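Student: I would like to learn how to read salt bridges in a model. Can we work through a case?

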Amino acid sequence: MRAVNFYVLVKRHKIESKTIGGLEITDNLDSDNRYLKADVVSVGDKVKDVIKEGEVVYYDRHSGHVIDYNGESYQVITAGDIVLVE
C-alpha cells in the first residue's frame, strides 16, 4: 500500500498507558493537544521532496481518515495537514 499525489500515509504513535495496582490507566494529556505525532509510512509522488518515509511528523488531529490494512490502523492525510517534521 502506498500514498499517491499529495497524500501521506502515517502510523500514529500510541499513547502509553501506566499500570497501577493491576489497573491500566491511559494518560489523557494528548487529548488537549491539537496535533498528533506519527511515523510516515508512505508519501505521494507530489510530496517526495518535502517529506520522506520514516520521518516523524506532527499533524492536525482533525485531518484525514483512518484505513485498516492487514490488522494495522493507518491515517491518510494531505501534506498540508503536517505542521512539523522531527
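**Reading the salt bridges**

Student: How many salt bridges does a search of the whole structure find?

Tutor: Three salt bridges turn up in the whole structure. Keep in mind that this is a predicted model.

Student: What is the general idea behind such pairs?

Tutor: Side chains of opposite charge can pair when their charged atoms come close. Take E72 and K11: their side chains meet in a salt bridge, at 2.8 Å from N to O. E72 is in strand 7 (residues 72-78) and K11 in strand 1 (residues 7-12), 61 residues apart.

Student: Which residue forms a salt bridge with R34?

Tutor: D60 does, with the closest N and O atoms 2.8 Å apart. R34 sits in the loop between strand 3 (23-26) and strand 4 (35-43), and D60 in strand 5 (residues 56-60), so the pair ties together parts 26 residues apart in sequence. R34 is partly exposed at 49% relative accessibility. D60, at 14%, counts as buried because the cut-off is under 20%.

Student: Where does E86 lie, and where K37?

Tutor: E86 and K37 form a salt bridge, their closest N and O atoms being 3.7 Å apart. E86 lies in the segment after strand 8 (82-85), and K37 in strand 4, 49 residues away. E86 is exposed, at 57% relative accessibility. K37 is partly exposed, at 30%.

Student: What is the secondary structure of the protein chain?

Tutor: The chain has eight strands and zero helices.

Note on methods. Residues are numbered from 1 along each chain as its sequence is written. This is a predicted model: local features need pLDDT of at least 70, side-chain atom pairs count only at pLDDT 80 or more; totals for chains, interfaces and linings use all residues. Side-chain values use heavy atoms; hydrogens and water are left out. Helices (H or I, at least four residues) and strands (E, at least two) are DSSP runs, numbered from the N terminus. A salt bridge is a side-chain nitrogen of Lys or Arg within 4 Å of a carboxyl oxygen of Asp or Glu. Buried means under 20% relative accessible area, exposed over 50%, partly exposed in between (1.4 Å probe, protein chains only).
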